[in-house]
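Reader: I'm new to this one. Can we go through it a piece at a time?
Author: Fine, ask away.

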Amino acid sequence: KRGYTFVELMVVIVLIGLMLTLAVPRLRESLLTDTLKSTVRKMVGTIKYLRNEAVRERRPYVLHFDFESGSFWADYPDMTEEERTEAKKQAFSFPKEVLLMDVWSKGEGKRADGETQILFSERGYVKQSAIHIGSEDGRKYTLVLSPFLGRVQVLEEYVEFEDS
């Protein structure tokens, strides 16, 4: 006597099914196929990896950015020329919808053309730096590298930095 009828349960199930049918594809698309967010995650992972490797192996690592080809790769000073060439060949290329806007480093200013680099010392230290990435739809991210903390702050906007 106190309960739900079969019709009421079926209506609720149909409504839940309809909501899931509409929501899941958008959720999946935004989480899995957002090229800007996946590129930001890739860069953050690479930065953390290079910092850890620099400390673990006690040697400096260099993260290179090429604005013309829209790519980045890593190497270290002791690499042979063949290893350097191979590292550059295997560089991560930004998807066509994603743009490497510029790279700022304290004391060096902003670079938005040619090649630039960020050096990770053998202790994992790095100059205060910011990497600006954007997409065709106008979204922008700023990745801020802290000199001593070993973390990357991701901001969902373009943040300007000045040398002081």
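Reader: What do the side chains of D75 and R84 do?
Author: D75 and R84 meet in a salt bridge, 3.3 Å from N to O. A salt bridge here is a side-chain nitrogen of Lys or Arg within 4 Å of a carboxyl oxygen of Asp or Glu. One caution: this is a predicted model, where local features need pLDDT of at least 70, side-chain atom pairs count only at pLDDT 80 or more, and totals for chains, interfaces and linings use all residues. Residues are numbered from 1 along each chain as its sequence is written, and side-chain values use heavy atoms, with hydrogens and water left out.

Reader: ok. Is D75 buried or exposed? And R84?
Author: D75 is buried, at 6% relative accessible area, while R84 is partly exposed at 23%. Buried means under 20% relative accessible area, exposed means over 50%, and partly exposed is in between, with a 1.4 Å probe and protein chains only.

Reader: How many salt bridges does the count come to?
Author: The count comes to ten. Among them is K96 with E97, at 3.5 Å from N to O. K96 is exposed at 73% relative accessibility, and E97 is partly exposed at 26%. Another joins D137 to R139, where the closest N and O atoms are 3.0 Å apart. D137 counts as exposed at 54%, and R139 as partly exposed at 31%.

Reader: Which residues are linked in a network of salt bridges?
Author: E53, R56, E57 and R59.

Reader: What about R51, does that have a partner or none?
Author: None: R51 is buried and has no salt bridge. The nearest side chain of opposite charge is E53, 13 Å away. For charge, Lys and Arg count as positive and Asp and Glu as negative, with His and the chain ends not counted.

Reader: Where is R51, and what is it in contact with?
Author: R51 sits in helix α2, residues 35-57. Helices (H or I, at least four residues) and strands (E, at least two) are DSSP runs, numbered from the N terminus. Leaving aside neighbours within four places in sequence, R51 is in contact with F120, G124, V126, L145, S146, L149, G150 and R151. Contact means heavy atoms within 4.5 Å.

Reader: New topic. How many aromatic pairs does the structure hold?
Author: Six. One of them is F72 with F92, a tilted pair at 5.2 Å centre to centre with 50° between the planes. F72 lies in strand β2 (residues 71-75) and F92 in strand β3 (residues 92-93), so this pair ties together parts that are 20 residues apart in sequence.

Reader: What counts as tilted?
Author: Rings of Phe, Tyr and Trp (its six-membered ring) pair if their centres lie within 6.5 Å; planes under 30 degrees apart are stacked, over 60 edge-to-face, and the rest tilted.

Reader: Which residues form one aromatic cluster?
Author: F65, F72, F92 and F94.

Reader: And A91, where is that?
Author: A91 is in the loop between α3 (81-89) and β3. A91 is buried at 17% relative accessibility. Not counting residues up to four places away in sequence, A91 touches S71, F72 and W73. A91 and A74 are 17 residues apart in sequence and 7.9 Å apart in space, C-alpha to C-alpha.

Reader: What about the phi of R58?
Author: R58 has a positive phi of about 55°, although R58 is not a glycine. Most residues other than glycine have a negative phi. R58 lies in the loop between α2 and β1 (61-66), and is exposed at 70% relative accessible area.

Reader: Last one. Which residues make the nonpolar surface patch?
Author: V7, V11, L15, L18 and L22, over about 490 Å². Areas come from the Shrake-Rupley method with a 1.4 Å probe; for residues, only the protein chains shown count as cover. Patches take residues with over 30% relative accessible area and no salt bridge, joining like charges within 9 Å and nonpolar side chains (Val, Leu, Ile, Met, Phe, Trp, Tyr) within 5 Å. L15 lies in helix α1, residues 6-32, and counts as partly exposed at 48%.
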